[in-house]
Amino acid sequence: MTHRFFSVAVLSLASSLAGAGAVDAATVTYTLNIDVPAQTWTVTAAASQGDNAGLALVSVPLVNVDFSVNLALPQARLNAPNVGTQGFYFNRVAGSAPVGAAQDTFGGGTDQLVYGFGQSAGSLSGNFGNVFTQKDYDALLLVAQGTFTGPLLPAFDTNQGAANVFTTPGGTATQAATLSFLVNFIPEPASVALLLSGVAMLAIRRR
């Protein structure tokens with residue numbers, strides 16, 4: 001069954017990490033998809049093309065959700081002889097807001113940075129250990145997913161949150177990007193209201 005989406009553009013603002021200025025024209029869009037009947041949600045992240053080298057840090061300010069959430073940001077641990085890590089394995093937060101993680105730009109050694117997150121699909125490379133299994137990812141990067149119990153619907157706290165992007169592919173320098181927030185409802189609110197109206201009319205007829 002195909003669901004129709006009702007989209008709401010919430011707000012755009014510059015993230016304010018200490019010591020980091022916004023990259024000119026670089027934008028990261030966080031999209032919150034809410035399945036109202038199922039009481040589930042997902043959050044994705046997309047980075048603008050041509051003005052950065054992909055996501056280095058994701059920090060999503062969610063409210064009205066059940067913690068802890070399933071943090072889906074890809075990560076991998078490499079086996080010997082290439083012992084190290086890849087992806088979003090640094091400072092992973094799933095039990096409180098904001099949820100997210102970062103790539104370890106200060107790790108050095110065999111820890112490998114991955115470029116293009118939020119811009120193109122891919123798969124973390126190499127031989128993997130048993131610790132981390134989140135390996136494949138889409139261009140629209142799945143950040144987290146979970147449930148809510150209401151009565152309030154999941155939402156963004158637009159006073160918080162951040163996103164850092166790599167300034168160049170192959171480098172370790174990152175800067176804060178401008179944030180854009182988008183909310184999708186499944187089904188759209190008009191359909192929900194119509195459904196509730198129909199249920200109420202049926203109850204009146206039965207009476």
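## Burial and overall make-up

Residues are numbered from 1 along each chain as its sequence is written, and side-chain values use heavy atoms, with hydrogens and water left out.

The secondary structure of the protein chain comes to one helix and 16 strands, where helices (H or I, at least four residues) and strands (E, at least two) are DSSP runs numbered from the N terminus. Of the contacts in the protein chain with a separation of 6 or more, 73% are between residues 24 or more positions apart; a contact here means heavy atoms within 4.5 Å.

## Confidence of the prediction

The pLDDT, which is the predictor's confidence in each residue on a scale from 0 to 100, averages 80 over the protein chain, and 71% of the residues score at least 70. Over residues 1-7 the pLDDT is below 50, although this stretch has 17 contacts in the model beyond near neighbours in sequence. Over residues 198-207 the pLDDT is also below 50, and that stretch has zero contacts in the model beyond near neighbours in sequence.

## The largest pocket

The largest pocket holds about 300 Å³ of space. A pocket is found on a 1 Å grid over the protein atoms alone, as an open set of points where a 1.4 Å probe fits, with protein on both sides within 12 Å along at least five of seven lines, and its lining residues have an atom within 4 Å of a point. Grid points are joined across faces, edges and corners, and the volume is the space filled by probe spheres set on the points.

Of the 18 residues that line the largest pocket, the closest to its centre are L57, F90, A102, Q103 and N164. The strands β4 (55-60), β9 (90-93) and β10 each supply at least two residues of this lining. By class, the lining has ten nonpolar, seven polar and one charged residues, with Ala, Val, Leu, Ile, Met, Phe, Trp, Tyr, Cys and Pro counted as nonpolar, Asp, Glu, Lys and Arg as charged, and the others, Gly among them, as polar.

## Q103 and its surroundings

Q103, one of the residues closest to the centre of the largest pocket, is found in the loop between β10 (99-102) and β11 (122-123). Q103 counts as buried because its relative accessible area is 4%. Leaving aside neighbours within four places in sequence, Q103 is in contact with L55, A56, G87, F88, F90, Q112, L113, V114, F117 and F166.

## Backbone features in the loops

Most residues other than glycine have a negative phi, and most peptide bonds are trans. The peptide bond from A97 to P98 is cis, with omega near -5°, and P98 is found in the loop between β9 and β10. A cis peptide bond also joins G150 and P151, with omega about 5°; P151 is found in the loop between β13 (141-147) and β14 (155-156).

Q39, in the loop between β2 (22-35) and β3 (40-47), has a positive phi of about 55° although it is not a glycine, and Q39 is partly exposed, with a relative accessible area of 34%. N64, which lies in the loop between β5 (62-63) and β6 (70-71), has a positive phi near 65° and counts as partly exposed at 33% relative accessibility.

L153, found in the loop between β13 and β14, touches V63, N64, F148 and F185, not counting residues up to four places away in sequence. N33 lies in strand β2 and counts as buried at 16% relative accessibility, and a polar contact of 2.8 Å joins the side chains of N33 and N184.

Terms used
Buried < 20%, exposed > 50% of the residue type's maximum accessible area, 1.4 Å probe, protein only. Polar contact = N/O pair within 3.5 Å; in protein donor to acceptor, adjacent residues only side chain to side chain.
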